[in-house]
Amino acid sequence: DLYMCYGAKRYYPMVFIDEGQDLAVSEFELIRSFNKSAVINVYGDLGQRVNNHGISSWDALNTIGSFSRYHINENYRNTVQITEFVSDEFMMSMTALGLNGPEVDLCTESQLVHERIIAPKDRKAIVYKSQDALDRFTIDLNGYEVFSIGEVKGMEFETVFVIPNEMTDNE
């Protein structure tokens, strides 16, 4: 709003956008209007788009300029086990470059209680899609940080439990 009323107060020669798949074309157009001659770098993964207004194809950005595109399929942020689990589960082709860690396990609610006992100091999170999925839990969730999918993006924890009910593959 301030830009529209008073004009740009500061020029940025380079703009970096992370999680670009979750921005709408109109948001990219607005960013370009603020920085007409800036170099814009957009980072993202269409397979992780969780906002309905986000772009579904990188071609959608052709309206604001031409881009060089680079595809990276290496994952260094997660353990080898997590990367391989996700790659197998969702039929992806990711190369695991992370450290070794524990195997990915599917568990029950009662196993969550056990996990709290054996790893009390770990930062633990439970990730859910809808309040309905979370409301079905019968155990006490004290000691866990509880997040919706939209809230947890970009965060890291030692132990994460996902309630996959109603989640899409991207989520």
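Guide: Let's start with a word you'll need: a residue is buried under 20% relative accessible area, exposed over 50% and partly exposed in between (1.4 Å probe, protein chains only). You're looking at a predicted model, where local features need pLDDT of at least 70, side-chain atom pairs count only at pLDDT 80 or more, and totals for chains, interfaces and linings use all residues. Numbering starts from 1 along each chain as its sequence is written, and side-chain values use heavy atoms, leaving out hydrogens and water.

The protein chain has six helices and seven strands (DSSP runs numbered from the N terminus: H or I of at least four residues, E of at least two). Read from the N terminus, the order is α-β-α-β-β-α-β-α-β-α-β-α-β. Of the 171 residues in the protein chain, 27% are buried.

Now for the pairs. Side chains of opposite charge can pair when their charged atoms come close. A search of the whole structure turns up four salt bridges (a side-chain nitrogen of Lys or Arg within 4 Å of a carboxyl oxygen of Asp or Glu).

Take Asp-59 and Arg-69: they form a salt bridge, with 2.9 Å between the closest N and O atoms. Both sit in the loop between β2 (39-42) and β3 (74-75), so this pair ties together parts that are ten residues apart in sequence. Asp-59 is partly exposed, at 47% relative accessible area, and Arg-69 is partly exposed too, at 44%.

Next up, Arg-77 forms a salt bridge with Glu-156, and the closest N and O atoms are 3.2 Å apart. Arg-77 lies in the loop between β3 and α3 (80-89), while Glu-156 lies in the loop between α6 (149-152) and β7 (159-162), so parts that are 79 residues apart in sequence get tied together. Arg-77 counts as exposed at 53% relative accessibility, whereas Glu-156 is partly exposed at 48%.

Then there's Lys-129, which makes a salt bridge with Glu-171, the closest N and O atoms being 3.1 Å apart. Lys-129 is in the loop between β5 (124-128) and α5 (131-135), and Glu-171 is in the segment after β7, so the pair links parts that are 42 residues apart in sequence. Lys-129 is partly exposed, with a relative accessible area of 33%; Glu-171 is partly exposed as well, at 28%.

What Arg-32's side chain does reach is the backbone oxygen of Ala-38, at 3.0 Å. Leaving aside residues up to four places away in sequence, Arg-32 touches Ser-37, Ala-38, Ile-40 and Ile-64 (contact means heavy atoms within 4.5 Å).

And Glu-29? It's found in helix α2 as well, and counts as partly exposed at 37% relative accessibility. With residues up to four places away in sequence set aside, Glu-29 touches Thr-63 and Ile-64. Leu-61 is 32 residues from Glu-29 in sequence, but 8.6 Å from it in space, C-alpha to C-alpha.

Technical notes: A polar contact is a pair of N or O atoms within 3.5 Å; within protein, one must be able to donate a hydrogen and the other to accept it, and residues adjacent in sequence count only if both atoms are side-chain atoms.
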